[in-house]
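This report describes one protein model, with attention to its charged side chains. The sequence and structure come first.

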Amino acid sequence: MERSLTKLLKTNARPGRRARGFTLIELMITVAIVAILASLAYPSYNRYLGRTYRAAAKGYMLQVSNLQQRYLLDQRAYAANLGALNLTVPSDISGNYTITTALKAGTTVPGFTVTAVPSTAQSNRDPNCGTLKVDEAGVKTPTPTGGGDSCW
């Protein structure tokens, strides 16, 4: 066994023998395959990010609604904005959605709405899902209504 290994090493070390390795064509085929796989995976990844950011916004909107209900118990009125609730929108949400709360106007019964408006980047990632409004009763109103119902 040792003798055949020595013979093999000597045959590969001969001067003038071509070095072994990858050719440029093989390398370019590999790069092309990787590029095709990446082009297939990128849209799926963007959809995943859109769903993740949307879920974070929904969770934050629920938190705002809960704090509005607590505020009503303490102050006998709903808070006019997030500042009155001592809330700031987390940076991971504020980069993708603008979350606001406002009092309902023109009604005798007090009420509020929490609104999530997607940023331009989020709209590009998630084009079928638009704005969501949630009121004091927990009624969700997505816009546009066609794609928004299944999104939110």
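## Lys104 and its partners

In this predicted model, the side chains of Lys104 and Asp135 form a salt bridge (3.5 Å, N to O). A salt bridge here is a side-chain nitrogen of Lys or Arg within 4 Å of a carboxyl oxygen of Asp or Glu. The pair links distant parts of the chain: Lys104 is in the loop between strand 1 (97-103) and strand 2 (112-118), while Asp135 is in strand 3, 31 residues apart. Helices (H or I, at least four residues) and strands (E, at least two) are DSSP runs, numbered from the N terminus.

Lys104 also forms a salt bridge with Glu136, with the closest N and O atoms 3.4 Å apart. Glu136 lies in the loop between strand 3 and strand 4 (140-143) and Lys104 in the loop between strand 1 and strand 2, so this pair ties together parts that are 32 residues apart in sequence.

Relative accessible area is used to class residues: buried means under 20%, exposed over 50%, and partly exposed in between (1.4 Å probe, protein chains only). Asp135 is buried at 14%, Lys104 is partly exposed at 32%, and Glu136 is partly exposed at 25%.

## Arg54 and Asp126

Three salt bridges are found in the whole structure. One of them joins the side chains of Arg54 and Asp126 (2.8 Å, N to O). Arg54 is in helix 2 (residues 24-75) and Asp126 in the loop between helix 4 and strand 3 (131-135), 72 residues apart. Arg54 is buried, with a relative accessible area of 10%, and Asp126 is buried at 10%.

## Arg125

Arg125, in helix 4 (residues 120-125), is buried and has no salt bridge; the nearest side chain of opposite charge, Asp126, is 7.9 Å away. Lys and Arg count as positive and Asp and Glu as negative, with His and the chain ends not counted.

## The chain as a whole

The protein chain has five helices and four strands, in the order α-α-α-β-β-α-β-β-α from the N terminus. Buried residues make up 26% of its 152 residues.

## Basis of the values

Residues are numbered from 1 along each chain as its sequence is written, and side-chain values use heavy atoms, leaving out hydrogens and water. Local features need pLDDT of at least 70 and side-chain atom pairs count only at pLDDT 80 or more, whereas totals for chains, interfaces and linings use all residues.
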